Amino acid sequence: MNFILLFICSYYMLRGIINIMFPRILLSLGDLNIIFTSITLSMLLLTLIILLSSNSQKIIFSNFMTGVTVSLIIFSVVGSVFVYQASTISYSSTVLLDVLYVIPINIIAIAVYLYHRKENSSIVSNDKDESIKYTLNRSSGYIVTLILFVIMVTDVVLYRLKALSNSQILVAFFAMIVYLLIALYYTSLKENKILLESQLQINYELEKRVYERTKELEEKNKEFLKIINTDSLTMLGSRKYLMDILDSYDEYPIENVIIFIIDILNFKIINNTSGHKTGDMVLKEVSRRLKNIFKGEKVFRTDSNEFAVLIQDNKNMSQLEDIAQNITLELTNLIYIDTDFINIDVAIGCCKYERNMANYSELLKNAEYASKEAKIDYKSFNNYRFYDQEMADKINRKITIEGLLRTINYDDEFAMFFQPQFSIDGSELIGMESLLRWNSPVLGNVSPGEFIAIAEESNAILKIVQWTIKKSSEQIKEWNLKYNKNYRISINISPKYLKNYDFLSEVKYFVDVKHINPVWLDFEMTEMSVMQAGESICNLFDKLHNMGINISIDDFGTGYSSLSYIKNFNIDKIKISKELVDNIVTDKNEYMIVNAIIMMSKGLKLETIAEGVEEKEQKDILLELGCDQIQGYYYGRPVNAQEFEKTYLINRI
């Protein structure tokens, strides 16, 4: 196509140039012009036939090719007639001839418009090479169109300048300008359309990729949620999953929601004595049994040794008790692991949703509180508690105590009481145990059994122990220097204090700066806290022992008592639990346990002291068994410093 247009353009432009330069020669060569025109027309037709025959499937039905072919034929014929008339000096302006000159121009304009429209609609690829190819084709189309205009303007101006009047020339030029403006307008529309379609295609691809990426991220998020919502060991629901469910209930409230909390008691001891692998197997077996009990209900592992069950059903108190008893029965059955077996105890708390609750998450908090209450007064046949108004009042009191412990002046409200410790026959005062008392202006006298446990949970115990060590050290120094004695003062130490404070540095401060003789100090830790601390506390005990400080194990016999385990710690004294002493007279089993403790302690060269001795019969049995020391109401109740000094120091001099 470009070849044909170039050929025609070259012919007419050359003919125009020769006509300007040699007008007289051209006029005398009319016959030669006719020959040139005929030859050009013949070559044009021949070229078109070759093109059509070589690509008939694609071109023969093309509106563009048909329009260009017809316009060129008409233009060539009209041009030949005009050349012939001009060369024979027989030309006269006629409407027919002028109209025939205009028709090819319009046909070509229409053909070019249709061609570009078809080309634009066929572009759907965003490939870079295709875009470049399209740009080149578009530019060549503009050039060809412009050349056609130049040809026709040149032909009209050069060959018909003498024949046409001024008005006719202006009309011709005006028509050409209008055509050019129209062509440029449609070209601009086409470009905008192409850009729009290209942008739409890009947007479509972008949206498609964004959708695919979003879907991929959603799948990854689902996998991530599944991981964080599932406990990796037991494959039960996680605590987070339970909280998410309860939060969803706040948005879409439902009735009859119940939560059970099941706490495995003394689980750290299982890990410390049997190993973490055994502990993991115990947790897996517990989870299996819970899923077997609560088929269709949601079961969760909410802490290392704590499980939760979410029930959506209307249960009365009798039914809830049956569920708690069934849990206890199933979980306390022996757990066989390889060739060994383990027996566990559980404390159970339960809470049922009430409309006066602020939100559903209170269910979990209240059920956990109920399970803690079950642990405090644990008995194998009464190991579950249900959250009720009495417990709610207790929680409110606990919150009040927590707040006061953070703000009160200990020197104003706390006081140290002291209980004497005697040799087994009562003839010699060995020392005393310092006991904390709290007289609150707000609550009155608060029992240590109540506020010490709350302080342990709130970390207020750290400040309390620090204050207790200071006051007890000052008091024993005063008495020993005043009466020239070496009494020992027993001070209860919380394991939290050992972990959160630079305990050794503080003890050295009292020894070195305050001049407290280390042999005056006896630090007591409960059997349970030592067992739970494990071997991590061995190094600390060694350092305290090397300083000359006495170390005692308090409440021995109430937990998983094992002297073979205790022997790994550098301790000096075993304090037999009051619970064993209470029944030593009437219960043969208690008697045998106390006897075993005393005998094994002697074998390990450890002193023994029995606490809670209140009756002469108890004292006599302990004397018979060979217990070294006694502490209890039988020899004296806890009293303040003034009363203790008056009763046990001044009167015994």
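Colleague: Which residues make the nonpolar surface patch of about 340 Å²?
Modeller: Leu334, Tyr336 and Phe341 make that patch. Please bear in mind that this is a predicted model.

Colleague: Is Tyr336 buried or exposed?
Modeller: Tyr336 has a relative accessible area of 61%, and the cut-off for exposed is over 50%, so Tyr336 counts as exposed. Tyr336 belongs to strand E4, residues 335-337.

Colleague: Turning to the sheet of 5 strands, what is the strand order?
Modeller: The order is E2-E3-E1-E6-E7, in an open sheet with mixed pairing. Strands E2 (298-303) and E7 (384-386) are the edge strands, each pairing on one side only.

Colleague: How many bridges join E1 to E6?
Modeller: There are 7 bridges between these strands, which run antiparallel. Asp263 stands opposite Ala347 in E6.

Colleague: Which helix lies across E1, E2 and E3?
Modeller: That is helix H11 (residues 276-293), which runs at about 10° to E3.

Colleague: And the charges: how many salt bridges does the structure hold?
Modeller: The structure holds 24. Among them, Glu306 pairs with Arg239, with the closest N and O atoms 3.7 Å apart. Glu306 lies in strand E3 and Arg239 in helix H9, 67 residues apart.

Colleague: Which other residue forms a salt bridge with Arg239?
Modeller: Glu368 does, with a closest N and O separation of 2.8 Å. Glu368 is in helix H13 (residues 361-376), 129 residues from Arg239.

Colleague: How accessible are Glu306 and Arg239?
Modeller: Glu306 is buried at 8% relative accessible area, whereas Arg239 is partly exposed at 31%.

Terms used: Residues are numbered from 1 along each chain as its sequence is written. This is a predicted model: local features need pLDDT of at least 70, side-chain atom pairs count only at pLDDT 80 or more; totals for chains, interfaces and linings use all residues. Side-chain values use heavy atoms; hydrogens and water are left out. Patches are made of residues with over 30% relative accessible area and no salt bridge: like charges are joined within 9 Å, nonpolar side chains (Val, Leu, Ile, Met, Phe, Trp, Tyr) within 5 Å. Accessible areas come from the Shrake-Rupley method with a 1.4 Å probe; for residues, only the protein chains shown count as cover. A salt bridge is a side-chain nitrogen of Lys or Arg within 4 Å of a carboxyl oxygen of Asp or Glu. Helices (H or I, at least four residues) and strands (E, at least two) are DSSP runs, numbered from the N terminus. Buried means under 20% relative accessible area, exposed over 50%, partly exposed in between (1.4 Å probe, protein chains only). Two strands pair if DSSP finds at least two bridges between them. Contact means heavy atoms within 4.5 Å. Axes are lines fitted to C-alpha atoms, for helices over the stretch in contact, and angles run from 0 to 180 degrees between N-to-C directions.
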